[in-house]
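Please examine the model shown here, with attention to backbone geometry in its loops and to the packing of its nonpolar side chains.

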Amino acid sequence: MGASQTRYEDQDQHQDQHQNQDLADKTGFSLEQIRNLNNRFQQLSGNEETISRKVLDGVPALANNPIRKQIIEAFFDKRNQRQDEVGSCQEIGFQQFLMVMSHFRPPTLKTTAEEKEALRREKLRFLFNMHDTNNDGTITLLEYRKVVEELLSKSSAIGQEAARAIADAAMLEVASTNVPHMAPEDFYEGITFEHFEQILKGLEMETRMHIRFLDVSTTAMTCGKSTS
């Protein structure tokens, strides 16, 4: 009986190692990082198989983040889970959680130029999805304004009306840049992902998009711009 139990345990361990290696190949995380992230997921979930928005909403390090709602919602957005689907989940399991976390993975010394470009595009797509809240492939003035308003009104003394005016002006500037011959009365449908890439073309993204609220030292991540 003891030998039989040991055999089953060895089989389970081998299966877990195989599964983790598969996740490592898909996400770019090391096996050690995957184990650490799994430990953190188990802490968050209370050793359950899934977590909900309420769980992430209770993470203390996210409490004062002005775009906390967008960050949390991004974890439940199927577009960010490397699925060929749109829409959102009510709860996510570890694999979905890991796929979302992979967007915050910084490059390593071994990362090639081609891989860095792919990593940058993934990060840009993730940010675009955070703004494109209705999954229609464009960031409208309303969507853009909502994010800018939250950022400005919660991180400074700027009032809501002033924040809205700044957001409107910024959006119109983007519109005039992307559609140079647009007249003032023309309706701007919104920023496409291609436009979004052009807008952020000069911004170094590979190491700026991080997340630290998970308290996982091996991933060395913070959410937002680097303070260094």
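Asn47 is exposed, with a relative accessible area of 62%, and in this predicted model the residue lies in the loop between H2 and strand E1 (50-52). Its phi is near 65°, which is a positive value in a residue other than glycine.

| Residue | Phi | Relative accessible area |
|---|---|---|
| Asn47 | near 65° | 62% |

The nonpolar packing is considered next. The largest nonpolar core holds 29 residues, of which Leu56, Phe75, Phe94 and Phe97 touch the most other members. At least two residues of this core come from each of helix H1 (2-27), helix H2 (31-45), helix H4 (68-75), helix H5 (94-101) and helix H6 (113-131), and H5 gives the most, with six residues.

Why is H5 largely enclosed by the rest of the structure? Six of its eight residues are buried, so H5 is largely enclosed in this way; the buried residues in H5 are Phe94, Phe97, Leu98, Met99, Val100 and Met101. In soluble globular proteins, nonpolar side chains tend to be buried together.

Methods
Residues are numbered from 1 along each chain as its sequence is written. This is a predicted model: local features need pLDDT of at least 70, side-chain atom pairs count only at pLDDT 80 or more; totals for chains, interfaces and linings use all residues. Side-chain values use heavy atoms; hydrogens and water are left out. A nonpolar core is a set of buried Ala, Val, Leu, Ile, Met, Phe, Trp, Tyr and Cys residues joined through side-chain atoms within 4.5 Å. Buried means under 20% relative accessible area, exposed over 50%, partly exposed in between (1.4 Å probe, protein chains only). Helices (H or I, at least four residues) and strands (E, at least two) are DSSP runs, numbered from the N terminus.
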